[in-house]
Amino acid sequence: MEHVEAEQLSKQPVTKVWNVHEFCQRHQLGEKEEIRLRRLFGRFATARELLHNAKRAPKWRY
């Protein structure tokens, strides 16, 4: 175990990395879309990549 001072830690923001399967479940994406995203990125991708590349059917309101 090692004591680390707060001043030594990086102040840069952390990039959120998602498991593609969990992302698809949370955002209610279908199995075909999950397969497409896995082919594109592999098992893990950043939140930004997933959000910008996910395709969803529109939910129309009447």
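User: What makes Trp18 and Phe23 an aromatic pair, and why is the pair called edge-to-face?

Analyst: In this predicted model, which holds 1 aromatic pair, the ring centres of Trp18 and Phe23 are 5.9 Å apart and their planes stand at 75°. Rings pair if their centres lie within 6.5 Å, and planes over 60 degrees apart count as edge-to-face, so the distance makes Trp18 and Phe23 a pair and the angle makes that pair edge-to-face. Both residues are buried.

User: What places Lys16 over the face of Trp18?

Analyst: Lys16 lies over that face at 5.1 Å from the ring centre of Trp18, where the criterion asks for NZ of Lys within 6 Å of the centre and within 35 degrees of the ring normal.

User: How does the radius of gyration of the protein stand against that of a compact globule of 62 residues?

Analyst: A compact globule of 62 residues would have a radius of gyration near 11 Å, whereas the protein has 17 Å. The C-alpha trace spans about 55 × 30 × 15 Å along its principal axes, and 18% of the 62 residues count as buried.

Definitions and conventions: Residues numbered from 1 in each chain as written. Predicted model: local features only at pLDDT ≥ 70, side-chain atom pairs only at ≥ 80, totals over all residues. Heavy atoms only, no water. Phe/Tyr/Trp six-rings, centres within 6.5 Å; stacked < 30°, edge-to-face > 60°. Buried < 20%, exposed > 50% of the residue type's maximum accessible area, 1.4 Å probe, protein only. Rg over C-alpha atoms; globule rule 2.2 N^0.38 Å.
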